[in-house]
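Reader: I would like to go through this structure step by step. Please show it first.

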Amino acid sequence: QVSAALKEGRVTPTELCQQCLSLIKSTKFLNAYITIAEETALKQAEASEERYKRGQPLGILDGIPIAVKDNFNTAGIETTCASNMLRGYISPYNATVVQKLLDQGAVLLGKTNLDEFAMGSGSTDGVFGPVRNPWSYSRQYKEKSVPKSHSEDKESNWVITGGSSGGSAAAVSSFTCFAALGSDTGGSTRNPAAHCGVVGLKPTYGLISRHGLIPLVNSMDVPGILTRCVDDAAVVLGSLAGHDPKDSTTIQDNFKPFELPNLTDVSKLSIGIPKEYRAPGLSGEILTLWSKAADLFQNAGAKVVEVSLPHTRYSIVCYHVLCTAEVASNMARFDGLEYGHRSDMNESTESMYAATRREGFNDVVRGRILSGNYFLLKQNYEKYFVKAQKVRRLIANDFVKVFRSGVDVLLTPTTLSDAAPYKEFIKEDNRTRSAQNDILTQAANMAGLPAINVPTALSERGLPVGLQFIGRSFQEQQLLTVAKWFEKQVQFPMIQLEEIKRHYHDVFQHEKSASFS
Amino acid sequence: MAARGCGGAWRRGWQRGRALSGPAPGPFPRGRRAVACNARGGAVPAGKSGLASWVPVVGLEIHAQISSNSKLFSGSQVQFAAPPNSLVSFFDASLPGTLPVLNRRCVEAAVMTGLALNCSINKKSLFDRKHYFYADLPAGYQITQQRVPLAVNGSLSYSLCTGNKMSQMVKKTVRIKQIQLEQDSGKSLHDDTRSQTLVDLNRAGVGLMEVVMEPDMCCGDEAAAAVRELQLILQTLGSSQAVMAEGQLRVDANVSVHHPGEPYGVRTEVKNINSIRFLAKAVDYEIQRQIEELENGGTILNETRAFDSKLGCTVPMRDKEGKQDYRFMPEPNLPPLILYDAKSLPANMNHQQVINIDWIHERLPDLPSVKREKLVEQYGILPEHSFALLNEDGLAEFYENVLKQTRMKPKRVIGWVLNDLLSYLKQHSLTVKESPVSSFLLADLLNLLEKKEISSTAAKQVLAELWKGEGKTPLEIVKEQKLQLLQDQKELEQICQAVIDRQENE
């Protein structure tokens, strides 16, 4: 819709950009952004405006303000990964996905906050502080929350965004941008999408280039897409997908961007409900919602079947081994020699390395490095790493079998509950929280499958809850079509934030939800 | 007495009490090194001296820099002696978020080399990360092929001169365990005066072929000959320029000794060997050192040692103490490398995207061993002659060029090329390319000799003059120095008569 508005001249790219920038300033307390690229964004907006004036916009994305998670390289703009190790690091190149968006005329507003090096499920463990879920300040949440005591400050009851792409999710959710890039290794795009009430798409591994995405687990990472509606996600996907010679893990096949049909007849669809996703700790609310969703499909004529993915329960342990091993390897390059933080310790190269890494990394990162190195030791390699690889194949095969049996798409919850208050969340450590929260999203990364979170309803506490669809490899079109149908059925409410009302009063008076397509 | 031409056992051919770290370059008398080991270093039972014999075992790990325009996984240029850090791409500097992209030419070079060494080429090979921290390794790991290398189970045949004469040449074979592709590291220069290390990443990421030779060799000469032959093969293929002085060919030797019938001894790794000559010395020194150590009741440590060329001995290397666990892990950013042959090549595959082993095989040039045989067959020269021709860069071509321009028989020309020309070149440390005497000039000279216009003594004199490179032709020199052979019978009789007459008068 905003794209149409741009085209018709109802609003100009510069106005849009300025409004977003000013809204970012008003919502600074969310801590969603690490770096705001005000100057370059305005320049990009001006250039876009020129193109619109000439009647030659580059496409739907021309002039659209976007945000990018701070683990993507952006030339000339600081890239920190929310770590002391890369504080002040200005990359000389753009990640392929960033370049593609810029080539389409998108306006890059800034870099969003995350857990340090994308390790975490709360966006609470970065050096720039935690990200606050915009819904913490929504009328919907405030109405439902009862202060425990009068002395308790309402402010301190804010809830987390989930993670690790919390900043991107918060940015999209609070209307400071129209789309954002996240990354997804164990659920890092879908999890915060669910908690922030936005669409979070994890594409098939190998569809979108990882060149320029600072890796966590090379064999599972994908760039993630966060938008306010499924159609928007399809548009962004269309501009990003395709072979990149700079990334040897992208597939060679030609990708054709698609427009999503408005599905009306779901009778030919087969929805699978994996029973193992009724995980321990799953809230009653979400279980009910999940069930309702299944009924929704059934009542509309789709075939809904219970299926089994028997190795689901091993995925967290398997992930732990493989993830830490790759992390130990990927972090080996951070030695302060060529770039990034370098310690003042200079007695010897070794001592400089050790001090630099101790100073530059937080406990979570260091913990994973130590674990990973342990698993990669010669005497442990077979027992842990190779074993985990074998289990990974079993997990992936579970999905293959299910899809082969005729199921088109799987329907599962995305998170165990709605967003936790920050004070509660930090009572357990990062590793525990990650193990708890990744359970529903992790297996899709193991198997490389596409998955998407669709905001479904508000919880009793007035916070968003989403449901997840998992599709077949490279069948994003089918996956998104189903997701779009579902989205239309549930009519998820728009967030009611004071700040947004003030800013977008003119443009979105009568809109229920704002999207750009 | 030193072991000479024996079945291969090393005995203590010197007196007791000889210093271990003496400056002597080796325990053998100067001149022809006469340790003729048989193929597997087989031992001869205790000889007259009554001492138990030793079997030395030598294996080699050779790193050859691939001759290519760009590096193994990135597009930066490969060039020797460029300004520091001027050939470094984002990937080479390990900037976060960069990914490796495999260089096709490097794979082809490795396939060619594998085929030339009679290896089986693995149609599917894998890449791995080998982790260790060092200033010249920006990523903290090297990408190599540890699990499944590109080529395995090959062999290299080489010739070794036994005895004092060149004519006694023995053919040997060493098994090639594998050939793998891997990244080269950067260079670090230690500046002790300022307590700093300077790092140059120009070489970081350059493609290497690691050729692993099984421990089938038993002395320095064998190791040197094997490496020399490998060098010639690589240069013929063009897969590596293999110039040791420029670091394009690096050799690490694994040395151990044991008594016949007993299991292999503890081995040491000798690194930092900069020439083929030093390789032979280093290996022989290390064998000797180990024998002496063991005979004195000591033990051999499984350590890495460096060769000190000035002192002619091996010394322990400081920074490689303790065993390293490299924590090998599959390289997740590179899919398995799939190679095809004529049979397995899919029909509609893009020609640019695949490598066809058979296609490469068909286009391999003649290897040195084949060239040598051809020279022998074509020209009737001896095997040791053709060996010497190929051993010197450009000499075989020179020889053939001379042959084209003269009627002198090849068997006669070879003497002039190998004895006269080559010794001049060696004396003045010149390459064939730098020779002041061109093939044209030599042919010209030989023609005069062939036509009997000068004697062979005179020819040598002319050659000496030609060597000065003053631009004179052989004929001009002959005339200048009045070296023409007199053909006229009568004139000769007169001269002889005159000499006799003079004698009589004294």
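Reader: In which loop of chain A is S164(A) found?

Author: This is a predicted model, where local features need pLDDT of at least 70, side-chain atom pairs count only at pLDDT 80 or more, and totals for chains, interfaces and linings use all residues. Residues are numbered from 1 along each chain as its sequence is written, chains are lettered from A and ligands numbered from 1 in the order in which they are written, and side-chain values use heavy atoms, with hydrogens and water left out. A cis peptide bond, with omega about 10°, joins G163(A) and S164(A). Helices are DSSP runs (H or I, at least four residues), as are strands (E, at least two), numbered from the N terminus, and S164(A) is in the loop between α5 (139–144) and α6 (166–173) of chain A.

Reader: Is R327(B) buried or exposed?

Author: R327(B) is in the loop between β14 (313–316) and β15 (329–330) of chain B, and its phi is near 45°, a positive value in a residue other than glycine. Buried means under 20% relative accessible area, exposed over 50%, and partly exposed in between (1.4 Å probe, protein chains only). The relative accessibility of R327(B) is 13%, so R327(B) counts as buried.

Reader: What is the area buried between chain B and chain A?

Author: Contact means heavy atoms within 4.5 Å, and 32 residues of chain B are in contact with 42 residues of chain A. Buried area is the accessible area (1.4 Å probe) that two parts lose on being put together, summed over both. Carbon and sulfur atoms give 57% of the area buried between these chains, which is about 2,800 Å².
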